[in-house]
Amino acid sequence: MKLDLDTIAALAEHLEGCELGAKDTPKITDEYPEMDWDDAYAIQNEIRRRKIARGQRIIGLKAGLTSHAKMKQMGVTTPVFGFMADSYAVPEGGECRMAELIHPKVEPEIAFVTRAPLRGPGCHIGAVLAATDFVLPGIEVIDSRYRDFKFDLKSVVADNTSASRFVVGGLPRPAAEVDLRTVGIVLEKNGEPVAFGAGAAVLGHPAAAIAMLANHLGARGEEIPAGTLILSGGITEAVAVKAGDSVTLRVQGMGSVGLRFA
Ligand code: 0L1
Ligand code: MG
């Protein structure tokens, strides 16, 4: 690690302050170009620790930048991993308050819920499917704290991978009953289709993103516990939203889920 503990704590406080105050900031590597991956995840972990210390619960995990569309949109080449706090959860059909956000975008995703722990190294699609209780449609609302969504990967990891809000719902299905590679999705904004795709856009199979997460955690001596909700990453590019928009994700054979921005 290149940063000392005081700097990590200060950067976590700064980034979480931007999240809670809906204020943007230049990317933190402008000031700390020497920051490494361990520093980036240490800052994210400190944000997580701060939330837990205030009584929040961590209710899920996420993989981000798992599709070529997203990687191209953001000019990066590697997936990243983050967490979902209870304050991020929006009820199905519920409302996101724009006043609490900076410049939100929505991503159509397949969410997994595990029934057995997953631990890397060596975790693979087969192990993920065997450990999955069900899959269901999910919309992630990302809201980078970095000005104009301009960042590098280490800055975005520190910023909990832009995690902000999410909704899951629709018709949960056992993973064995769905071909997650060919399952089709349509993302609608205000009733108009705005993005289309299929599950294979996520690393060839959305379960591959969950396996990467298990392997990432395994390298740190951690695992994905049983009963974890995990967002596997945007199938398409992220779509910008504004107050008054309503967004619906339709997933083939899995119903639909939606939320509104006010
Ligand atoms: O969930 C995601 O794919 C977002 C990862 C962070 C990059 C971004 O803000 O687009
Ligand atoms: Mg996402």
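Predicted model: local features only at pLDDT ≥ 70, side-chain atom pairs only at ≥ 80, totals over all residues.

Modeller: Let's begin with a term: a nonpolar core is a set of buried Ala, Val, Leu, Ile, Met, Phe, Trp, Tyr and Cys residues joined through side-chain atoms within 4.5 Å. The largest such core here has 81 residues, and Ile 43, Val 106, Ile 110, Ile 224, Leu 259 and Phe 261 touch the most other members. Its largest share, seven residues, comes from helix H6 (residues 206–218).

Colleague: What is Ile 110 in contact with, apart from its neighbours within four places in sequence?

Modeller: Quite a list, including Val 135, Leu 136, Leu 180, Val 183, Ile 230, Leu 231, Val 251 and Met 254. In soluble globular proteins, nonpolar side chains tend to be buried together.

Colleague: Why is Asp 245 called buried?

Modeller: Buried means under 20% relative accessible area. Asp 245 has 2%, so it counts as buried. You'll find Asp 245 in the loop between strand S10 (239–240) and strand S11 (246–251). Leaving aside residues within four places in sequence, Asp 245 is in contact with Lys 189, Asn 190, Arg 260 and Phe 261.

Colleague: What makes the pair Lys 242 and Asp 245 a polar contact?

Modeller: The cut-off for a pair of N or O atoms is 3.5 Å. The backbone nitrogen of Lys 242 lies 2.8 Å from a polar side-chain atom of Asp 245, so that distance is within the cut-off.

Colleague: And why is Ile 59 called partly exposed?

Modeller: Ile 59 has a relative accessible area of 25%, so partly exposed is the label. Ile 59 lies in strand S1 (residues 58–64). The C-alpha atoms of Ile 59 and Ala 85 are separated by 5.6 Å, though the two are 26 residues apart along the chain.

Colleague: Which residues are closest to ligand 1?

Modeller: Lys 62, Leu 65, Lys 70, Glu 140 and Ser 162, out of 13 that surround ligand 1. A polar side-chain atom of Lys 70 lies 2.7 Å from a ligand 1 oxygen, and one of Glu 107 lies 3.0 Å from an oxygen atom of ligand 1. Taken alone, ligand 1 exposes 300 Å², and the protein buries 100% of that.

Terms used. Residues numbered from 1 in each chain as written. Chains lettered and ligands numbered in written order. Heavy atoms only, no water. Helix = DSSP H or I, 4+ residues; strand = E, 2+ residues; numbered from the N terminus. Buried < 20%, exposed > 50% of the residue type's maximum accessible area, 1.4 Å probe, protein only. Polar contact = N/O pair within 3.5 Å; in protein donor to acceptor, adjacent residues only side chain to side chain. Contact = heavy atoms within 4.5 Å. Near = heavy atom within 4 Å. Areas by Shrake-Rupley, 256 points an atom, 1.4 Å probe, with all protein chains shown as cover.
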